[in-house]
Structures are given as structure tokens and as C-alpha cells.
Amino acid sequence: MKKIFFILLIVLISCKSKQEILDSKQETNVSKYNNPNYKSLQKFEGDTLKYLQTNFLLTNKDFYKGKPLSILLNDLEVEVKAYSGASGWDLNFKESLILSFYSRKQEKIKIKEKKNPLVLTIDWEVPLPQEKVVELLRKNQGRWTEEEKNYYGQQIIKDIGMVIPNY
Amino acid sequence: MTRKIYIFVLTFLCLLCGEMGYAGDVYRDENTAKGGVCDLDSVDYNFCICNGLPENCETLDEVIIYPKCDQRNPNYYNNICECEPEWCDSGDCTDSSSLAFPCVEEEDTECSEFGEGAYMTSCGCIGGETGIDECPEDDTPIDSQDPPAEPDPCSEAEIAAGVATTNLFKYNAVSTTMSQMPILFPSNQPPYSQQLEHGFNIKSVNGIISTTPIREGTATGLPAADYTASVIADLHDHPAPGTFAPSARDLLGLDNRRDLMSGFTTSYVSSSDGNLYALYIDDPAKLNAFVDNNPGFVDSYNNFNKDTNIGKMFWDTNDDLQRQGYTSQEAYTRATTLILQDAGVSLLKSDAKTIDFKKIDIIVVGDDPNGNTIIIINDCK
């Protein structure tokens, strides 16, 4: 009987250790797609601007270029709160997606306070048809839902930028 | 036998623990949609059924008239502050939920010559060293029989801009040259690259209006030429369907022209949407300051650069308007008016056949519960 309890104890301890390993792995939050230079938000101690710049701009953006947006979204640890689209020569197509991490109202306040509004911009390899974009916009009332995530997630990234405020 | 049972139980416990470990992970892409025709996140969402309408309500021939505060009413957003007053920004600087908060005392420069404490009112400067403490009472009798006049959002200056742009366009020299411009809406549209821009300049010498010859550009622009001191306006077209009128580049060009020619006031743009637009300079110093304060606001497509905060504001507004039901061209033009509010420039619009330019504008009134900006139209009548 003592042997059984002893074995049971070892099993429970090993289970606990496994759980801790899983937790710590989640905390480190390495890139899900093996971006070797990805650094978790936690490491930036609340500096979201630096987190975005380090992971998705500068030289690191090359990792995501030519890949579907879903790869970037899966690595992204900041919630998308709002989005919009931008056209190029032709209003019938959207060349880019603008991702905001503050709500529109919060963003206006940030701009008023002359702080960085934290906005990533994504250029597409292939421009998206206006009809589909507007259909989603009207259906989901401009919210970033699973449907937007799935649709835009399939599109291939040509380039990544960031809104640079004029102050 | 007993040993086998123990091994079996222990194996089961190990597997259970392992599963529990993984159960702690929540995958980012996990679909949390609940489903159902009224669940906006569901693939089964159906606007018609959810709103108590026939399943294929979009194909109904009948026109359904909805109450003005029903979201399905096309004019819903024009009545928004009446229908959803809590969505509208009060504009009160003492209201902490308003973007106007907190109150900032603005310096009154108009009356600064009358010393500290002087300020502008409807009867001119009072207070300070003016020796006047309050406006005199208006002794004009009010005729109670007159019906109240319908408010026009247009100021006198905005009405004057409409008259000026309309009158200039109606000069014989201008309308004659305009009639020689290529037709913008051919039945067989040539490829985009062959839709070349055309345009000409309008001059005023001792009050006599004349035009320069029509010149041809590329699909993406019309090179500047013939800009001499007497040029007061210019006109060009945006022939390709899907192009926008006027563009961010046209706004930048307006500032450049004004720098070159002190009498330059207007850039007309003829659009493939069947309308004429006029960018009219109200305040040259403000336009100059806008251009100086927003470097790089024009992108390589001659459009508003999304990587600048002005460009971001433009595209957000454009999406807000499209979400509210406006077409892409209409949303684009209206979003432009928001940018122009800080640029000292008015955007006026006229049907290409009946020339009567009126200022078009929008007002941002607040935010809906989804965080979208609510915009209403504020055109001159």
C-alpha cells in the first residue's frame, strides 16, 4: 500500500511540473511560427510602442512579408480594437489595412494629448475588392470580429508600416 | 492481477493530468462564435430574419419606409443626435466624456488691441479698454408674422465661395474651353493607363477672363504648366472610373499654386462620377500652415497617406461613411471635407450639367456603442 501511495505521489508531482512548464512556455510566448527574433510583450514592460516597432517593423518585418496576415495576428499580443482600409489609385480596391489598438475615441484622446496612437498599417500583395471590404464593414458595423480576422488573415502581406504622428 | 489494475489506474491518472495541462491553453484562433441568425459573429447571421423581415429582404421590390430612428432608415445617421442623444458628443468642455474636455481659455487675438479683458462679441469688441461693457439692445422690431427662417449651415463667406466659383465657371471663355475637354464617360472605357488627364488654366487680366490651351497629362496626373502671374484658377479632370476627386495631391497643388500666384483661389476637378468639384482657398495662411504641419500627407498614389495621422483620420472617416451607407466616391469626397476643415479650404460641388457650386461638409457628432464615429452631412443649401 505504501508503494502505491509513493508511486501516486511521484505521478502527481510530475503532473504539476508539466503544468508549470506549460505555463512558463506560455509566458515566454515565443513566436508561434518560429520568428527567431520575436520578443514577447512582457519583455517590454508595458511599452507597447517598442513592442510593435521591435517585432513588426525595423528588420523584423521581413519575416512577415510575403506571408498571410494570420501569421502576424497569431503572434500579435495586443488586441485589435478598430480597423479601416486605404485605397491606392482606384477606389474600387483596398491596397492597405490599418489596425488600431485603441478604440477610435481613445485614439482621438491620444492624438489630442500628442501621444503615439499605436497604429500598424499593412500593405497587400494583391489589392482587395471594395465590395467585399464594405460588405464586412456594414455587416459587422466596423468591429474586428472572427470574420474580419479570417478574411484579412488569408491576405498576403506586402509591407508593414506604422502611423507616424506629425507632433 | 492487482498489480495490473494499479498500472492501469496510474496510466489513466497520467493521461488525465496531461489533458488537464493542455486544457489550460486557450488558443487564439479558437472560434468563440455562438451561432444563430442574430449572432453578428456567426456565419449564419442573417440581417433579414434577425430583423423580422422576409429571408431574402434585399431582393424585395417594395420600398420599406422605416421610422426615422430605425437603423434601417437610410437617413438614420442624419437624425442620430435626436435618435441616440447619448452617442453624440456634447461639445461641452466641462463634460469629462466629451472630447472638448477640459476647458481651455482661448486667447482672443481679435480684440487684443483693446488691452487685457477685451473680447469679441456679435456687436464687436467689448470690455478691456473699449469702455463698452455690454452690447446695446437691438431695437429692431421683430415682426411676429414672419415665419422663422430655415437655418442654413452656410456662413456668408461660404455662400460667397459658392457664388465666386459658380460665376467664374460660367464665364464664356471657361465654358467654351470646358466644352472642348474630352468626354469623361465613354461607353467603352479604355484601359486605365489610357485614361489620360486633361486640363487648362484660367487667367484674369484687367478683369478679362481667358484660358490657356488644353494640355494632356498621364493617367495619374497633369504636369504643371502655363502658370503665370495672372492665373487665378485651374481645371483638370480625373477620367478613370474609380479615381477620386479631388485628390490629396490636388490639395497640395493648391498650396503650391497660391505660393506662386497671389491671386490664385480655385482648383476645379472634373470627376468620372459626373460631378464637378472646386477646392476654394478661404484662408491662404491656414492652408500654408496645414501643408507645413503635415509633411508627407500625400502618398505615391496621390492619395492621403495612411501612415500619417491626417491620412489615418481620413481613411477612418472614409470607412465610417461607407459603413453609414455612402458610396466609395461620396465617402471619399466627404472624408476630404473633414481634412479641409483644418486647411483653410472649402470643397464645393456642382452637377456637371447645371453649374451651381455649393459647399459640402460633414460634422462628427459622436461615437456609437461599437466605437464607430457618427458623422452627419452639413452641406450648404
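Predicted model: local features only at pLDDT ≥ 70, side-chain atom pairs only at ≥ 80, totals over all residues.
**Chain B as a whole**

Begin by colouring chain B by secondary structure, where there are nine helices and 12 strands. Of the 381 residues in this chain, 43% are buried, and the chain exposes about 21100 Å², with carbon and sulfur atoms supplying 53% of that area. If you display contacts with a separation of 6 or more in chain B, 52% of them are between residues 24 or more positions apart.

**A hairpin in chain A**

Now move to chain A and select residues 82-86, which form strand 1, together with residues 93-100, which form strand 2. The two strands pair in the antiparallel sense over five bridges, and a hairpin of six residues joins them. To follow one bridge, pick Tyr83(A), whose partner in strand 2 is Leu99(A).

Staying with strand 1 of chain A, note that five of its five residues are buried. In a regular strand the side chains alternate between the two faces of the sheet. Here Ala82(A), Ser84(A) and Ala86(A) lie on one side, with Tyr83(A) and Gly85(A) on the other, and both faces are covered.

**Aromatic pairs**

Over all chains, the structure holds 22 aromatic pairs. Select Trp144(A) and Tyr152(A), whose ring centres are 5.8 Å apart and whose planes meet at 15°, so this pair is stacked. Trp144(A) is buried at 15% relative accessibility, and Tyr152(A) is likewise counted as buried at 3%.

For an edge-to-face pair, go to Phe169(B) and Phe357(B), which are 5.9 Å centre to centre with 65° between the planes. This pair links distant parts of the chain, 188 residues apart: Phe169(B) belongs to helix 4 (residues 156-169) of chain B, while Phe357(B) is in the loop between strand 9 (345-351) and strand 10 (358-359). Phe169(B) has 5% relative accessibility and counts as buried, and Phe357(B), with a relative accessible area of 2%, is buried as well.

**Charges over rings in chain A**

Return to chain A and select Phe63(A) with Lys67(A), where the charged end of the lysine sits over the ring at 4.1 Å from its centre. A second example is Lys132(A), which lies over the face of Tyr151(A), 5.4 Å from the ring centre.

**Two residues of chain B to finish**

Select Thr317(B), which is found in helix 8 (residues 309-323) of chain B. Its relative accessible area is 5%, so Thr317(B) is buried. Leaving aside residues up to four places away in sequence, Thr317(B) touches Ala335(B), Leu338(B), Ile362(B) and Ile375(B).

Finally, centre the view on Asp273(B), in the loop between strand 7 (266-271) and strand 8 (275-281) of chain B. With a relative accessible area of 29%, Asp273(B) is partly exposed. Its side chain makes a polar contact of 2.7 Å with the side chain of Tyr277(B), and a polar atom of the Asp273(B) side chain lies 3.0 Å from the backbone nitrogen of Asn275(B).

Methods: Residues numbered from 1 in each chain as written. Chains lettered and ligands numbered in written order. Heavy atoms only, no water. Helix = DSSP H or I, 4+ residues; strand = E, 2+ residues; numbered from the N terminus. Buried < 20%, exposed > 50% of the residue type's maximum accessible area, 1.4 Å probe, protein only. Contact = heavy atoms within 4.5 Å. Areas by Shrake-Rupley, 256 points an atom, 1.4 Å probe, with all protein chains shown as cover. Pairing = 2+ DSSP bridges. Phe/Tyr/Trp six-rings, centres within 6.5 Å; stacked < 30°, edge-to-face > 60°. Lys NZ or Arg CZ within 6 Å of the ring centre and 35° of its normal. Polar contact = N/O pair within 3.5 Å; in protein donor to acceptor, adjacent residues only side chain to side chain.
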